[in-house]
Amino acid sequence: MTCMNAVVEALAGLEPTFSPPPGASGWCAELGLEFARRGARTVLVRRHHVGPLRVQKALYPEGEGVCHGIVLHPPAGIAGGDSLAIDIKVDAGAHALLTTPGAGKWYRSAGPSAGMTQRIAVADGAVCEWLPQESIVFDGALGTLGTEVALHGDARFIGAEMLCFGRTGAGERFTRGELALHTRICRDGRPVWLERGRIGGGSALLDSPVGLAGQPVVGTFLVAAPACDAALRDVCRDIGPSAGEGAVTLLPGLLVARYLGPACEPGRQWFTRLWGAVRPVVAGLPMCVPRIWNT
Amino acid sequence: MLPLIRLLQLASPALPVGAYTYSQGLEWAVESGAVRDEASAGRWIGDLLEWNLARFEAPLLAQLMRVWADGDDAQVAALNADFLASRETGELRAETVQMGYSLVRLLTDLDAFAARPGWRVRLRALDTPSFPAAWAAAASAWAIPVDMALPAYLWAWLENQVMAAVKAVPLGQSAGQRLLATLGACIPELAAQAARLRADQWSNFTPGLALASSRHETQYTRLFRS
């Protein structure tokens, strides 16, 4: 924990010195990770990175079966012109959990758009938990967030995405710019979840009752697993957020929880409690909150 | 003239697919107080029309009509699967699957559709047909132009939503007609935009609808199935 704190502090200290190479329109960063099962252990067998995206060493806070990784992006935020790509493979029988050390940021752009692509492939018998912390979309940010999850056989995936439009702590609203969202989850090539959005700064969608209803924070918690059934849905429905609005629904092989609220914290706490209910059923393990979340 | 007549039949509330039994989350919006009168009903329905229907279902329907007409059944299947995966909640998915199933049964028994060479077999071959996929098959088979089909499809949706509001809020029949007149006036432009929208510009992101529809699934007393 101390070690992680040190990393985070060091990274925070480095923030001003991280700027793209002179002449470049923005960062081009890639991170490729592959996890495989070796006996009872999940091993990070491949780690490839270009530019300022990386993962520190593989962590084993809950025994050797589950490998935790913390995806670091030292510039701490995405600026106009940046292009980030994360590619994660979890091979048969392996179990990986990935998170981030703090809130991500989409900075105001002076013009160019930024892109972040997350590709996650999970093999038969494998589990991937993709639990990044929230992202704050600054007023004037311009970007596209693409997430593609390819599941095979009985692969299980638990994913969270929480977006906060505007730096609400400073009273900022999202009045300009645009964030485009493309999320697709497929199992054996067939789509099980598809969501596309274009959230424009100052757009009527932000205040619309069918849109964000005037709330700055929107979150989606997804569980794709053969074990998702009405019983699990009903267990999740008995858990509610302390502030804001949350609801749970069930689609074939997919549990979806949505959050709309005034701040990230209640949404995050709700997702964590849902995760606590879902994980034993879907992955056969009790919840193990990454320590980095408490720092 | 025949394509227009066929379109009127397809877009009519008399089409026996049970559309009138669905409110698509509107009933929860009434229960929660988000929709309580003519103005708030108009906002809810008009915003859904603009932010969800016109930006996702309508452009997808246009694309389905094109690929049905081109004989590209693999693309039909892919778009149909995308539409099913885009349904935000269990109820919204069940709705389109039931309406799609009913429309396929109807069309495959209707000579005006089924006697046209190839159509019956092609439609029956589609796995878990959604409502827009089946509707697009009929519209293509009957040579209805996309620029007529889209406004009619949006109109049928609008009429159904306004009638749901008339029952659920409740509103008077005159209020219902005022909403249809006002929101109907937006359809020509929304339909024209939808026909031009590239696939990478489609958008179905309406978290307020997703929440309302999820909550409707456990609403204690209800008239509607969604």
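Q: How much space lies in the largest cavity?
A: The model is predicted: local features need pLDDT of at least 70, side-chain atom pairs count only at pLDDT 80 or more, and totals for chains, interfaces and linings use all residues. A cavity here is a set of points on a 1 Å grid over the protein atoms alone where a 1.4 Å probe fits but cannot get out. Grid points are joined across faces, edges and corners, and the volume is the space filled by probe spheres set on them. For the largest cavity this gives about 170 Å³.

Q: Which element gives the largest share of the lining of the largest cavity?
A: Lining residues have an atom within 4 Å of a cavity point, and here they include M162(A), F221(A), R268(A), W275(A) and W293(A). Two elements of chain A give two or more residues each, β12 (156–165) and α3 (264–283); helices (H or I, at least four residues) and strands (E, at least two) are DSSP runs numbered from the N terminus. Residues are numbered from 1 along each chain as its sequence is written, chains are lettered from A and ligands numbered from 1 in the order written, and side-chain values use heavy atoms, leaving out hydrogens and water. The largest share, four residues, comes from α3(A).

Q: Which helix gives the most to the lining of the second largest cavity?
A: This cavity has a volume of about 60 Å³. Its lining includes Q24(B), L48(B), R87(B), W157(B) and L209(B). With four residues, the most comes from helix α3 (residues 38–70) of chain B.

Q: Which residues of chain A is W44(B) in contact with?
A: Contact means heavy atoms within 4.5 Å, and neighbours within four places in sequence are left aside. In chain B, the partners of W44(B) include L26(B), V35(B) and Q161(B). From chain A come P209(A) and V210(A).

Note on methods
1 Å grid on protein atoms, 1.4 Å probe; cavity = no way out; pocket = protein on both sides within 12 Å on 5 of 7 lines; lining within 4 Å.
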